[in-house]
Amino acid sequence: MKKMILSVAVSLFAASLAPAAFAATAQQNKMKECNASAADKKGDERKAFMKDCLSAKPAAAAKDGKTTQQDKMKSCNKEAGEKALKGDERKKFMSSCLKG
């Protein structure tokens, strides 16, 4: 009886992990798309294309025209650095910059 319960428990656990094991990650999907696009390229040309393709920003962010929170943070940080803001001034500036 214990063996049967253990067997069922192991089977259920394995079944719950199976979808996660076979689901493609975003990076795998990107690799697949870049690979398909580079089918006609060879050698150094292919290598350069794959490097650019794989390091490109996700297409979803570019399609909707919105800046991501990370992009906002980079630009606000850069602007605050250019203005040489420190302490509370910087906090206030960053807060308003990230909201707007």
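**Charges, contacts and helices**

Biologist: What is the relative accessible area of Glu79?

Modeller: Glu79 is classed as partly exposed; buried means under 20% relative accessible area, exposed over 50%, and partly exposed in between (1.4 Å probe, protein chains only). This is a predicted model, in which local features need pLDDT of at least 70 and side-chain atom pairs count only at pLDDT 80 or more, while totals for chains, interfaces and linings use all residues. Residues are numbered from 1 along each chain as its sequence is written, and side-chain values use heavy atoms, with hydrogens and water left out. For Glu79 the value is 33%.

Biologist: Which side chain meets that of Glu79 in a salt bridge?

Modeller: A salt bridge is a side-chain nitrogen of Lys or Arg within 4 Å of a carboxyl oxygen of Asp or Glu. At Glu79 the distance from N to O is 3.5 Å. The partner, partly exposed with a relative accessible area of 47%, is Lys83.

Biologist: How many salt bridges does the structure hold?

Modeller: Side chains of opposite charge can pair when their charged atoms come close. Besides Glu79 with Lys83, Lys41 is bridged to Asp40, with the closest N and O atoms 3.7 Å apart. The count for the structure is two.

Biologist: Which does Lys41 count as, buried or exposed?

Modeller: Lys41 sits in the loop between α2 and α3; helices (H or I, at least four residues) and strands (E, at least two) are DSSP runs numbered from the N terminus. The relative accessibility of Lys41 is 19%, so Lys41 counts as buried.

Biologist: Over the face of which residue does Lys41 lie?

Modeller: A charge sits over a ring if NZ of Lys or CZ of Arg is within 6 Å of the ring centre and within 35 degrees of the ring normal. Contact means heavy atoms within 4.5 Å, and beyond its neighbours within four places in sequence Lys41 is in contact with Arg46 and Phe49. At 4.8 Å from the ring centre, Lys41 lies over the face of Phe49.

Biologist: Which side chain of opposite charge is nearest to Lys30?

Modeller: Lys and Arg count as positive and Asp and Glu as negative, with His and the chain ends not counted. Lys30 belongs to helix α2 (residues 26-37) and touches Cys53, Leu54, Ser55 and Ala56, residues up to four places away in sequence being left out. Lys30 is buried yet has no salt bridge. At 8.2 Å, the nearest side chain of opposite charge is Glu33.

Biologist: How far apart are the end C-alpha atoms of helix α5?

Modeller: The expected span of a helix is 1.5 Å times one less than its number of residues. Helix α5 (residues 69-82) has 14 residues, so its span should be 20 Å. The model agrees, with its end C-alpha atoms apart by 20 Å.

Biologist: What is the phi of Ala84?

Modeller: Ala84 follows α5 and lies in the loop between α5 and α6 (87-99). With a relative accessible area of 55%, Ala84 is exposed. Although Ala84 is not a glycine, its phi is positive, at about 55°.

Biologist: How many residues of α3 are buried?

Modeller: The protein chain has six helices and zero strands, and of its 100 residues 12% count as buried. Helix α3 has 13 residues and is hardly covered. Its count of buried residues is one.
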